[in-house]
Amino acid sequence: YVDTYSSGSGLDGIYFGSSKLDEFAESGLWRLDYASIRDKAGNSLYRFGADLNSLLPGLQSLAFQVINSKSDTIAPSLTTATLSSTTIDLNQPGSGFIGLNLGIKDNTSGFESASFTFKSPSGRSLNTYVRRYSSGSKLDGIYFGSSKLDEFAESGLWKLDSASIRDIAGNRDRKSTRLNSSHSSVSRMPS
């Protein structure tokens, strides 16, 4: 944000602002993509891409070079995925939990989190968040998460519908699937 007054007047002045790149910022040329200007009365101008030059000729060419040996632009990859059980009998006391173990590899910053969504036969969702470290390292490790189905959860085959994995640098890989090979089944057997 540019919000620090440097010189001139409120009607014709020079202002200063700064931003800090994180430690895994991408190496290469960073170009100005968006600008907004707002006065104290709330009047605003927004410009993107080629329209930046309408604020100031040549503004679109404003850029800076980043050199970073820790640059991370690659999302983590999934190496394994296993469920704690493929059948959940909600009639059993203490049942309803589904655990998910994931093997994750990342190139630089390390794994941060994953989210897997299972869908019931009628389309209800169960989200399982994975963040807990189990073994290995942040660049090649096993992580665990769990979810609990409520006592009225629908019986039948719950299929993996979508998955998202993210590293510390913010790189994310998202997939929306209809896989038959990764699933959890919920059953209601007579007591």
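Is Lys-70 buried, exposed or partly exposed, and what is its relative accessibility? In this predicted model, Lys-70 counts as partly exposed because its relative accessibility is 41%, a value between the 20% and 50% cut-offs. The side chain of Lys-70 meets that of Glu-23 in a salt bridge, with N and O 3.2 Å apart. Lys-70 sits in the loop between β6 (63–66) and β7 (77–83), and Glu-23 in the loop between β2 (13–17) and β3 (28–31), so this pair ties together parts that are 47 residues apart in sequence. Glu-23 is itself partly exposed, at a relative accessible area of 47%.

Side chains of opposite charge can pair when their charged atoms come close. One of these pairs is Glu-112 with Arg-166, at 2.8 Å from N to O. Glu-112 belongs to strand β10 (residues 111–119) and Arg-166 to strand β14 (residues 156–167), which links distant parts of the chain, 54 residues apart. Glu-112 is partly exposed at 31% relative accessibility, and Arg-166 is partly exposed at 26%.

Another pair is Lys-105 with Asp-140, whose closest N and O atoms are 4.0 Å apart. Lys-105 is partly exposed at 40% relative accessibility, and Asp-140 is partly exposed with a relative accessible area of 40%.

The surface also carries a nonpolar patch formed by Val-2, Tyr-5 and Tyr-15, with about 330 Å² of accessible area together. Val-2 lies in strand β1 (residues 2–8) and counts as exposed, at 60% relative accessibility.

Terms used: Residues are numbered from 1 along each chain as its sequence is written. This is a predicted model: local features need pLDDT of at least 70, side-chain atom pairs count only at pLDDT 80 or more; totals for chains, interfaces and linings use all residues. Side-chain values use heavy atoms; hydrogens and water are left out. Patches are made of residues with over 30% relative accessible area and no salt bridge: like charges are joined within 9 Å, nonpolar side chains (Val, Leu, Ile, Met, Phe, Trp, Tyr) within 5 Å. Accessible areas come from the Shrake-Rupley method with a 1.4 Å probe; for residues, only the protein chains shown count as cover. Helices (H or I, at least four residues) and strands (E, at least two) are DSSP runs, numbered from the N terminus. Buried means under 20% relative accessible area, exposed over 50%, partly exposed in between (1.4 Å probe, protein chains only).
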